[in-house]
Amino acid sequence: MNISKQFFGLVDEKEVWLFSISHDSGASIQITNYGATWVSAVMPDKNGDLGDVILGYDNLNGYLSDTNYMGSIVGRFANRIKNASFNLNNHTYFLDKNDGENTNHGGYSGFHSQVFESEITENAVVFLLKSPDGEGGYPGNVDIRICYSFSDDLKVRINFWATTDKDTCLNMTNHAYFNLRGSGNILKHQLQIPSTEMLETNENYIPTGKLVPVTGTPFDFTRMRRVDERINENNQQLIWNRGYNHCYPISIMPDSDQPQPAARLFEPVSGRQLHLFTTLPSVLVYSAGFLDSKLPGKSGINYQPADGICLEAQFYPDSPNHPHFPSCLLRKDEIYNHSTEYRFF
Ligand code: BGC
């Protein structure tokens with residue numbers, strides 16, 4: 001394994017680097033300390049030919065212009081919090097309203113647009129960030145550590161680690177858009193999600209609080225099937241969300257700190273597969289109905305809806321306002337420690 005870095009540009013006079021972790025086979029990943037963003041994942045297809053399977057840009061300007069959270073680490077809170085507020089310890093915290101009346105993906109100072117400190121270790125690239133008390137409206141001085149590793153069995157692991165000096169809510173994810181063929185859209189990819197329930201949303205993509213059974217609905221991916229098989233059905237949830245933008249709970253084994261199976265993606269032409277495992281309690285499947293890039297992506301063309309699919313392992317959206325959802329509360333002096341693994345085949 002070889003880890004190297006090259007200069008990617010400057011943001012507010014801070015140095016931004018592009019890191020590469022590569023193996024003798026030619027498989028590699030790239031990440032940058034701008035937003036702790038996953039920039040590329042070059043993986044073999046069924047014939048051994050290498051191709052990049054995540055969307056992104058080949059220069060920093062692309063990322064600076066991006067409004068799609070392309071490959072970024074999202075925080076402090078991935079996805080939305082209703083009315084941009086939540087109550088904790090008898091205090092109401094007011095957050096940035098960057099999505100109508102709601103907050104999305106950490107607000108205006110989200111982690112996706114921050115320059116992290118970086119370190120190369122023996123087998124990983126580590127990004128560090130100090131998020132000050134009150135940033136985006138969230139309490140606590142929070143120390144964040146995001147670690148990317150890539151083993152020669154084609155396993156990308158992201159470890160999310162944090163501490164706080166005041167009780168707070170924390171929910172971090174990676175927002176990579178996958179396209180296992182490396183071009184075109186993802187509608188003919190096949191998807192499997194083990195969950196038999198999903199969270200219903202309202203027209204503003206906020207969970208109503210109801211977990212609904214997927215059996216017999218277009219949301220049932222318990223058997224692997226094509227993403228587009230039922231995506232155009234006359235279903236209110238699909239229409240509001242321009243396709244899939246829904247959270248599926250994951251059964252977490254009690255007392256296990258091992259990542260659990262969350263999703264499988266397969267693309268028949270390339271033969272590539274991705275299996276997602278996580279310690280987090282849900283996966284949000286986003287078929288990218290709102291994707292729209294301001295600048296051309298790596299392929300030279302502007303990205304359009306459904307050019308990629310996000311599999312975002314996270315706490316449930318709006319969980320600070322739903323006491324029956326798994327809690328994303330991080331108490332003072334507790335440690336937030338979660339991992340998500342992307343195994344490519
Ligand atoms: C959300 C979508 C949103 C997209 C870009 C996804 O994680 O689920 O609703 O449009 O991010 O913000």
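Which residues lie nearest the centre of the largest pocket? Of the 30 residues that line this pocket, Thr67, Asn68, Tyr69, Asn104 and His105 lie nearest its centre, where a pocket is an open set of points on a 1 Å grid over the protein atoms alone, with protein on both sides within 12 Å along at least five of seven lines, and a lining residue has an atom within 4 Å of a point. Helix 1 (60–65) and strand 25 (282–286) are the elements that give two or more residues to this lining, helices (H or I, at least four residues) and strands (E, at least two) being DSSP runs numbered from the N terminus.

The model is predicted, so that local features need pLDDT of at least 70 and side-chain atom pairs count only at pLDDT 80 or more, while totals for chains, interfaces and linings use all residues. Residues are numbered from 1 along each chain as its sequence is written, and side-chain values use heavy atoms, with hydrogens and water left out.

The space in the largest pocket comes to about 590 Å³, a volume being the space filled by probe spheres set on grid points that are joined across faces, edges and corners. Its lining is made up of 11 nonpolar, 13 polar and 6 charged residues, with Ala, Val, Leu, Ile, Met, Phe, Trp, Tyr, Cys and Pro counted as nonpolar, Asp, Glu, Lys and Arg as charged, and the others, Gly among them, as polar. The second largest pocket holds about 200 Å³, and among its 13 lining residues Leu55, Gly182, Ser183, Ser299 and Tyr303 lie nearest the centre; by class, this lining has 5 nonpolar, 5 polar and 3 charged residues.

A cavity, in contrast to a pocket, is a set of points where a 1.4 Å probe fits but cannot get out, and the model has 1 cavity of 30 Å³ or more. The largest cavity contains about 60 Å³ of space, and its lining includes Asn79, Arg80, His246 and Cys247. Strand 19 (197–201) and strand 22 (245–249) are the elements that give two or more residues to that lining, whose residues divide into 6 nonpolar, 4 polar and 2 charged.

Cys247, one of the residues lining the largest cavity, is buried at a relative accessible area of 3%, where buried means under 20%, exposed over 50% and partly exposed in between (1.4 Å probe, protein chains only). The closest cysteine sulfur to that of Cys247 belongs to Cys328 and is 12 Å away, which is too far for a bond. Cys328 is also buried, with 4% relative accessibility, and because its sulfur is 4.0 Å from the closest cysteine sulfur, in Cys169, that pair is too far apart for a bond as well. The count of disulfides, pairs of cysteine sulfur atoms within 2.5 Å, is 0.

His23 sits in the loop between strand 2 (14–22) and strand 3 (28–32) and is buried, with a relative accessible area of 10%. A polar atom of its side chain lies 2.8 Å from the backbone oxygen of Phe150. Leaving aside residues up to four places away in sequence, His23 touches Met1, Phe150, Ser151 and Asp152, contact meaning heavy atoms within 4.5 Å.

Leu128, in strand 12 (residues 124–131), is partly exposed, with a relative accessible area of 27%. Leu128 touches Phe116, Glu117, Glu119, Ile144 and Arg145, again not counting residues up to four places away in sequence. Between Leu128 and Ile146 the C-alpha to C-alpha distance is 6.5 Å, although 18 residues separate them in sequence.

How values were computed. Polar contact = N/O pair within 3.5 Å; in protein donor to acceptor, adjacent residues only side chain to side chain.
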